[in-house]
Amino acid sequence: MRGRAPLRSLPLRLLLLLLLLLLGSARAAAAETSLHLPAPKNVEVHSYNFQSLLRWSPVPVENGSVLYTAHYKTLFYDTWSGMGCAQTPQTWCSFPPELRRRRRWTILLRLRAELGPRASAWVHTPPFVAETNTTLGPPRVNNVSASPDSLLLSVSPPFPPEPGDLLQYLVSYWENTTSPTEKKLSESKTLFQIGNLKESTLYCFSIQVQLKIYSGHLLEGQQSAPECHRTALSEATRDGYLILFLLGFVVVNLVVAAFLFLWKRRQKIKYWAQPPLEIPSHFKEFLRDPGFDGLEELYSPAEEEPQALVLGEGGGQEGEDPSPNTSRARAVSVTCPSTVQRLLAGES
């Protein structure tokens with residue numbers, strides 16, 4: 001009975017040993033996990049006008065400052081090399097000069113975070129080729145000279161060209177109207193002309209550069225901001241405008257002078273503008289022949305006109321025979337006393 005006791009305690013010892021092993025492995029896993037940092041995120045290559053750099057998001061930690069290390073290699077040399085960014089606190093790393101001059105090389109990059117003895121896993125980027133993956137900016141417009149029918153443009157490429165680079169400029173231009181029609185022009189020179197334009201007209205244009213790469217395709221850049229310039233006036237049009245201006249000036253001066261002349265002589269003009277006073281034809285006949293038979297009708301008592309009864313002039317006394325002059329004055333006063341009397345007075 002006493003020999004069976006050790007056998008009964010054996011399963012308990014095995015159970016305790018298994019528990020100790022499990023605790024040890026858990027502690028080791030926890031220690032190993034604590035030695036690793038989270039890997040950097042948003043790792044990407046940013047390239048603009050063949051100026052390339054590697055960028056990433058910072059790794060958050062509670063204590064300490066995280067440092068970063070970046071490496072590169074090419075398809076021809078399968079060996080990782082430093083980029084000059086070993087244990088840097090920055091979240092970006094520029095390409096070294098030997099990589100900037102190799103636009104057609106396929107480059108691979110990797111990055112990890114480090115904090116003391118702890119380090120994250122390596123993060124690898126997709127293959128990068130500057131000639132196809134870079135972004136070309138817009139060209140720079142240095143000067144614009146306007147003529148009556150064209151615009152002369154001087155531009156510069158967005159990056160320093162290398163020997164053998166084939167660059168051309170795609171120009172889009174249009175007349176600045178309510179419904180502009182866009183036209184395109186392709187030039188390989190940095191000094192070129194937009195022709196067949198209207199004089200004294202506002203035109204706008206935008207330019208983008210195109211680089212012919214090794215594969216034969218064109219790498220198109222960004223378009224420049226639209227610029228607007230007005231074409232000049234031709235000599236003939238300028239002379240015509242000058243002549244019209246001088247004629248208008250002369251006409252205005254003549255009108256003003258005529259107005260002042262008329263204003264100063266307005267009394268004489270008013271006098272000249274009065275209609276002439278003429279003796280009626282029947283009075284002229286009477287004056288030529290005083291014995292005109294119709295004279296009695298002019299002042300006949302049968303007339304009911306008030307002026308025929310009351311009007312009359314003469315220096316004779318009542319009962320005297322009217323003289324020819326008196327009869328003539330009466331006849332005149334019957335028809336138009338005031339006007340005819342003035343005429344008779346003037347003739348006498």
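Cys-85 and Cys-93 form a disulfide, with 1.8 Å between their sulfur atoms.

Me: What kind of model is this, and how are residues numbered?
Reply: This is a predicted model: local features need pLDDT of at least 70, side-chain atom pairs count only at pLDDT 80 or more, and totals for chains, interfaces and linings use all residues. Residues are numbered from 1 along each chain as its sequence is written, and side-chain values use heavy atoms, with hydrogens and water left out.

Me: What is a disulfide, and how many are there?
Reply: A disulfide is a covalent bond between the sulfur atoms of two cysteines. Here the test is a pair of cysteine sulfur atoms within 2.5 Å. The count comes to two.

Me: Is the disulfide of Cys-85 and Cys-93 right-handed or left-handed, and why?
Reply: The disulfide is right-handed because the torsion about its S-S bond is about 95°.

Me: How do I tell a cavity from a pocket?
Reply: Take a 1 Å grid over the protein atoms alone. A cavity is a set of points where a 1.4 Å probe fits but cannot get out. A pocket is an open set with protein on both sides within 12 Å along at least five of seven lines. Lining residues have an atom within 4 Å of a point. Points are joined across faces, edges and corners, and a volume is the space filled by probe spheres set on the points.

Me: How many cavities of 30 Å³ or more are found, and what lines the largest cavity?
Reply: The search of the whole structure finds one. The largest cavity holds about 40 Å³. Its lining includes Phe-50, Phe-95, Arg-100 and Phe-128. By class, that lining has six nonpolar, one polar and two charged residues. Ala, Val, Leu, Ile, Met, Phe, Trp, Tyr, Cys and Pro count as nonpolar, Asp, Glu, Lys and Arg as charged, and the others, Gly among them, as polar.

Me: What is the volume of the largest pocket, and which residues are closest to its centre?
Reply: The volume is about 230 Å³. Of its 16 lining residues, Arg-103, Arg-104, Glu-131, Glu-162 and Asp-165 are the closest to the centre. The lining divides into six nonpolar, two polar and eight charged residues.

Me: Which strand gives the most to the lining of the second largest pocket?
Reply: Strand S11 (residues 166-175) does, with three residues. Strands are DSSP runs of E, at least two residues, numbered from the N terminus. This pocket has about 180 Å³ of space. Its lining has five nonpolar, five polar and three charged residues.

Technical notes: Helices (H or I, at least four residues) and strands (E, at least two) are DSSP runs, numbered from the N terminus.
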